[in-house]
Amino acid sequence: MKGVRKADLPTKICPVCNRPFTWRKKWERVWDQVKYCSDRCRGNAGKRAGQRDGAS
């Protein structure tokens, strides 16, 4: 058998959608800097932060 099972790959929790996401090959060199699960969540990160500040 070749490769690694997806269940054995590292995961993180996205701070925007609070869902777990799994390591991807394209993130191999920058995994420590990856924060968001997708471009959509990365784009919504600033909007969400603004909502929290305004709600307080």
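The points below are grouped by topic.

The model is predicted, so local features need pLDDT of at least 70 and side-chain atom pairs count only at pLDDT 80 or more, while totals for chains, interfaces and linings use all residues. Residues are numbered from 1 along each chain as its sequence is written, and side-chain values use heavy atoms, with hydrogens and water left out.

**Cysteines**
- With a disulfide taken as a pair of cysteine sulfur atoms within 2.5 Å, the count is 0 disulfides.
- Cys 37 is in no disulfide, and its nearest cysteine sulfur, that of Cys 41, is 3.6 Å away.
- Cys 41 is likewise in no disulfide.
- Buried means under 20% relative accessible area, exposed over 50%, and partly exposed in between (1.4 Å probe, protein chains only).
- Cys 37 counts as buried at 16% relative accessibility, and Cys 41 counts as buried at 9%.

**Core and contacts**
- A nonpolar core is a set of buried Ala, Val, Leu, Ile, Met, Phe, Trp, Tyr and Cys residues joined through side-chain atoms within 4.5 Å.
- The largest nonpolar core has 9 residues, among them Cys 14, Phe 21, Trp 27, Cys 37 and Cys 41.
- Leaving aside neighbours within four places in sequence, Cys 37 is in contact (heavy atoms within 4.5 Å) with Cys 14, Cys 17, Phe 21, Arg 24 and Trp 27.

**Pocket**
- A pocket is an open set of points on a 1 Å grid over the protein atoms alone, where a 1.4 Å probe fits, with protein on both sides within 12 Å along at least five of seven lines; lining residues have an atom within 4 Å of a point.
- The lining of the largest pocket includes Arg 24, Trp 27, Cys 37 and Arg 42.
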